[in-house]
Amino acid sequence: MHKILILCLLIMQSTNVFAQNPESIKQSAEHGNAQAQAKLASMYLLGREGYEKDEQQAAIWMEKAANQGMVDAQVAIAAMYDSGKGVAADRDKATHWYEKAAAKGHGTSLAILGKNDAAKGSVQFNYQAMRLSASKTIPAEYAKRFLTTK
């Protein structure tokens, strides 16, 4: 019984290592896996797992994941377009991606676009300032989240 338990633990451990192996992530990304594309983008964006920081590569891979309908990737690439991180700053493209995520009910995107309940009420709020702040913080925060997601 003890040997079976050890064997199970070893298999679980090796599977987990494989799932987080940067090369296996890159291969999965190249084969069209959206989650792997977002993880690879994150490794480039943050300069992690043996990948040098490369915001252009990060944007390429994040947009691939976004094009597959991955909501968090849509928000991350929107923020990258808003701030010009890895891509030429383009407010129209950023808005396009925020709108795609907002259409799926993404709260932050709704707020950035001024389409949440606060925008309809009497609350005074500076959406431009929020959007600017979000564009600076979202890419790195979402990248960290992608890297910790299985």
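Let me begin with a term: by contact I mean heavy atoms within 4.5 Å. What we have here is a predicted model, in which local features need pLDDT of at least 70 and side-chain atom pairs count only at pLDDT 80 or more, while totals for chains, interfaces and linings use all residues. Residues are numbered from 1 along each chain as its sequence is written, and side-chain values use heavy atoms, with hydrogens and water left out.

First, the overall picture. The chain contains nine helices and zero strands, where helices (H or I, at least four residues) and strands (E, at least two) are DSSP runs numbered from the N terminus. Of the contacts between residues at least 6 apart in sequence, 52% join residues at least 24 apart. The chain has 150 residues, and 37% of them are buried; here buried means under 20% relative accessible area, exposed means over 50%, and partly exposed lies in between, with a 1.4 Å probe and protein chains only. The exposed surface comes to about 8700 Å², of which carbon and sulfur atoms supply 54%; these areas come from the Shrake-Rupley method with a 1.4 Å probe, and for residues only the protein chains shown count as cover.

Let me take Ile138, which sits in helix α9 and is buried, its relative accessible area being 6%. Which residues does Ile138 contact, leaving aside neighbours within four places in sequence? They are Val75, Ala76, Ala79, Tyr98, Thr108, Ile112 and Ala143. Thr108 is 30 residues from Ile138 along the chain, and their C-alpha atoms are separated by 9.9 Å.

Buried in α6 are Ala94, Thr95, Trp97, Tyr98, Ala101 and Ala102. Seen down the axis of α6, these buried residues fall within an arc of 165°, so they line one face of the helix, the arc being that of the directions from the helix axis to the C-beta atoms. On the other side of α6, Asp92 and Ala103 are exposed. At the start of α6, a side-chain oxygen of Asp90 comes to within 3.1 Å of the backbone nitrogen of Asp92, and after the helix comes Gly105, with a positive phi near 85°.

Ser42, in helix α3, counts as buried because its relative accessibility is 0%, and beyond four places in sequence Ser42 touches Gly47, Met62, Ala143, Phe146 and Leu147. Gly50, in the loop between α3 and α4, counts as exposed at 83% relative accessibility. The C-alpha atoms of Gly50 and Pro22 are separated by 7.9 Å, although these residues are 28 apart along the chain.

Definitions and conventions:
Polar contact = N/O pair within 3.5 Å; in protein donor to acceptor, adjacent residues only side chain to side chain.
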